[in-house]
Amino acid sequence: MSAEVKPVTNSLSTNLPKKTVVVIGNGMVGQRFCEKLVEFDKAQQYRIVTFCEEPRAAYDRVGLTSFFAHRNAEKLMIARMDWFREHGVEIHLGDRACAMDLATKTVRSQKGIEIKYDVAIMATGSYPFVPPVPGFDKQGVFVYRTIEDLNSIIEYAKKSKRCAVIGGGLLGLEAAKAAFDLGLETHVVEFAPRLMPRQIDDAGSRTLVKKIESLGVRVHLNKSSKEAHGNGKIEQLEFNDGSSLDLEMIIVSAGIRPRDDLAKESDIHVGQRGGITVNDQLRTSDPDVYAIGECALHRGMIYGLVAPGYEMAEIVAANLTGDERHFTGTDLSTKLKLMGCDVASFGDYEAPAERAVPLTFEDPFGGVYKKLIFSLDGTKLLGGVLVGDASEYGTFSILAKGTQPLPCKPHELLVGKSGGASLGGVESMPDDAQICSCNNVSKGAICHAIREQSLDSVGAVKSCTRAGTGCGGCMPLVTDLFNAELKKAGKVVVNHLCEHFKLSRTELFAVIKVKELKSFDAVIKHCGKGNGCEICKPAVASILASLWNEVIVKDEHVTLQDTNDRFLANMQRGGLYSVVPRVPGGEITPDKMIAIAEVAKDYSLYTKITGGQRIDLFGAQVQDLPDIWERLGAAGLESGHAYGKALRTVKSCVGTTWCRYGVQDSVGFAVRVENRYKGVRAPHKVKMAVSGCVRECAEAQGKDVGLVATEKGYNLYVCGNGGAKPRHADLLVADIDEETAIKFIDRFFMYYIMTADRLTRTSVWCDKLEGGIEHIRDVVVHDKLGLGAELEAMMQRLVDTYECEWAAVVKDPEKRNRFTQFVNTDETESCIEIVPERGQSRPEFWPNEFVSLEQFREMSSPNIETVKDSPLTPPTDWVSVGKVWDFPKDGGATIKYGAVQIAVFNFSTRGEWYATQNMCPHKKAFVLGRGILGDAAGVPKVACPLHKKTFSLQTGESLQGEEYHIRTFPVRIDGDDVLLEFPPTELLDRELATEIGCRLATSCQTTPSQPRELLEV
């Protein structure tokens, strides 16, 4: 499919005729030229037209291998179509420029479009070199260059078992990783005696080979292919030494050749071995035609990396807009993670012995090799090779580019200074030090952007400066610069949980685990301050559950929980709850469905099928929850934990149970997985799925943990999610059996629980985690940190100590008693109007406007004159509302007095009692008695469980600076009795009656079918 994007009219354009620049090729370098010319062309003297042979605009070829994990081309896009429209750049997609007439200065495309140019930019890139081996034209032979190539590889891999990658260079090893992740038995075949022959030496290659083969990939060095055999498709690869490999698939990644055919046909000079010849201004033999990127031959050199291409693009764009720059060659430093192994080279790493001295470090046990090249006098670092550990790549490469003498002795760069002294770090580097070689971003540019634009995150630095958006090798230095600049500005980068804990969640988890702390009181006494709040209490409760797995409704834990966990159901509008029984793997018997239906019918519950293959029952009153659970439990149903930051569901397709395409028992495995991890608390909700074949009906690749069946077992995907910011899961490991899958899920799930921030989904955790999915793979699959056995044991403890929380309440009269609506009466009352809809019942819509206390009074007593702007009028009485033990420690409960609901709070850690109206003024819901207690800078507060609006328990004022205010009442303890000071019931009813609150909650509606005037605040 082709497309043409024409420019929008730019109101800043002058009336002068514009010169036309035609850019032939819209790869990474061609797109960078377009962007730089737009940036530099302040006078708007150029019209830009670009031809793109592929069906999509420029995308990130450096990150091409990541496509195998997310299968989403959009994630690789460098520029969106909106960018071309906004900047007036014409792009012709799916249309190759096939002819150029130098005499008439015209470019013609395959589709017949002709554009006259003033300047032409050839950014045609390169093509994969395929050795002239007999049989390489058979079915099953692929190159590794475009997204279309990758899609073809993915499809063919489904019917293959073994694959050979021809070429052990950068792209060859990337292709090998892709083949390995697709579940293929993978072989790397390299003609040279070492891997990556242009970047690393023999010793570095040995380390790299050892690392790669430890993963199960076979490496064959000094091998040249003689012929590929097979009847129409690949079956065997024969080598010149007489050996052979049986296989079904070959990926050729044996280097590149410059695409100079259009230049040749246009009589533009090309090199003897290929490449469009250019001078230092990147001009070709025709002065109006330039060549940049992999197609350009500069001083006999073809540059196959993106950074030199970017530099060329910027130089030409600058010169066309009045500057005078020259390209004199460039740094070929590169840092990659190949097959999970860091590999980097920088500077002049091949400097000859007559002007250089090497220093090497080799750790065969850790798989680390480092070779640094110094000047003869040892005062200058010239270059180096790093394998296995490239953490110092950024610092080393900058030292190699700099002109200053080394700040230390040569050997100290490898082993460190004695006494632990610093080698200087990023702050000691000069402002002109190049931090990002891909985008030519200096230290000074990054620091200036952070200061002048008040950048507040590393991500913002990347977006603003483009540092780190290429290969990503400079990100440690970018992060160090960001932190250093914030420190200079007096800002501290903190990740504290809240004002009560100067620790991150990860740090707090470690403290609780090591010190074996078992309660919130013990935790805050050990490493916190104050009384806690609605942030830290649920976070600590989650950690305690993840470590010790005590029932969350145990007395010492219950008031730490958000209302969903405290009442083991999801709070919905109006303070009602939804009940979701667990349906493991989505498999359910007719008898269980009948039990659910009977409960829904008897309690007038609204029913809906969820996206996770369960049945949701909405509209349950808090006092009915234990009875509902008891009836569901009698039918063999238990809590589905839809209310918790825990495993929600394991979705499945029918797999081999029924489906004719199924290759594994996805339902059976889903049931096993769900029953294993049910109830496990985590920093956020966790969703899983199991698909019985690659058709993926269970959408496993959009889940936190996804399993997709193959002929050999399962591919395990992690860190995906749907929602507002969908993320395709990453392939963690391929073709594993069920036992191995369980082991890796144990490790993954527990490592996430240990290290993620609160309320962070696995997708965000992965993106923020240094090293991302590669680090997770190292920890989970390769056990890099040696934590595998411990993570498995921690998860097994949670599995072994599981108890259904609904059953724990049903069988315990004391716990069951907490679910009464009012502690001082058996009366019950509805707190929101219920209306019919499509044969079921639902609560009326919430109000659209804030309603003041004056309006509340007017609506409650429209015919009775009230005394405005005055407190409740005496006389008052002290009224007993219950016993001390009726109100949970550090929590609240609700009492009924006349027609009014009052929330009473036992703030036991402060030795204080408080009482307020039970209705939250935000949404007019009667729920404050179920809120979490805490303090803000010492002021006692309650957080509404619906939307976390916080109010002072002393004054009733909003602690978030909003207009909302709640009424408070004096409390007195007399022996075991709890007494509140009230005005006469008729006056209190007129002010705060529940019935009036319910009317308020639906009085300000504006619906499409019935518009009405909103109350004026």
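In this predicted model, the buried residues of helix α5 are Leu170, Gly172, Leu173, Glu174, Ala175, Ala176, Lys177, Ala178, Ala179 and Asp181. Because 10 of its 12 residues are buried, α5 is largely enclosed by the rest of the structure. The helix covers residues 170-181, and its end C-alpha atoms lie 17 Å apart, which agrees with the 16 Å that 12 residues should span at 1.5 Å a residue. After α5 comes Gly183, whose phi is positive, near 90 degrees.

Helix α16, made up of residues 536-547, likewise has 12 residues, and the 16 Å from its first C-alpha to its last is close to the 16 Å expected at 1.5 Å a residue. Here 12 of the 12 residues are buried, including Lys537, Pro538 and Ser542. What do the buried residues of α16 pack against? Their partners are the helices α14 (505-515), α15 (520-527), α17 (555-558), α22 (738-755) and α25 (788-800), together with the strand β47 (932-936). α16 is followed by Asn549, which has a positive phi, near 60 degrees.

Side chains of opposite charge can pair when their charged atoms come close. The structure holds 60 salt bridges, and one of them joins the side chains of Lys513 and Glu790, at 2.7 Å from N to O. Lys513 belongs to helix α14 and Glu790 to helix α25, so that this pair links distant parts of the chain, 277 residues apart. Lys513 is partly exposed, with a relative accessible area of 25%, and Glu790, at 32%, also counts as partly exposed.

Because Glu805 lies in helix α26 (residues 805-810) and Arg681 in the loop between α21 (666-677) and β35 (686-691), the pair ties together parts that are 124 residues apart in sequence.

In a further salt bridge, between Lys712 and Asp735, the closest N and O atoms are 3.9 Å apart, which falls within the 4 Å cut-off. Lys712 lies in the loop between β36 (705-710) and β37 (713-718), and Asp735 in strand β38 (residues 730-736), so this pair ties together parts 23 residues apart in sequence. Lys712 counts as partly exposed, at 41% relative accessibility. Finally, Lys36, Glu39, Glu314, Asp323 and Arg325 are linked in a network of salt bridges.

How values were computed. Residues are numbered from 1 along each chain as its sequence is written. This is a predicted model: local features need pLDDT of at least 70, side-chain atom pairs count only at pLDDT 80 or more; totals for chains, interfaces and linings use all residues. Side-chain values use heavy atoms; hydrogens and water are left out. Helices (H or I, at least four residues) and strands (E, at least two) are DSSP runs, numbered from the N terminus. The expected span of a helix is 1.5 Å times one less than its number of residues. Buried means under 20% relative accessible area, exposed over 50%, partly exposed in between (1.4 Å probe, protein chains only). Contact means heavy atoms within 4.5 Å.
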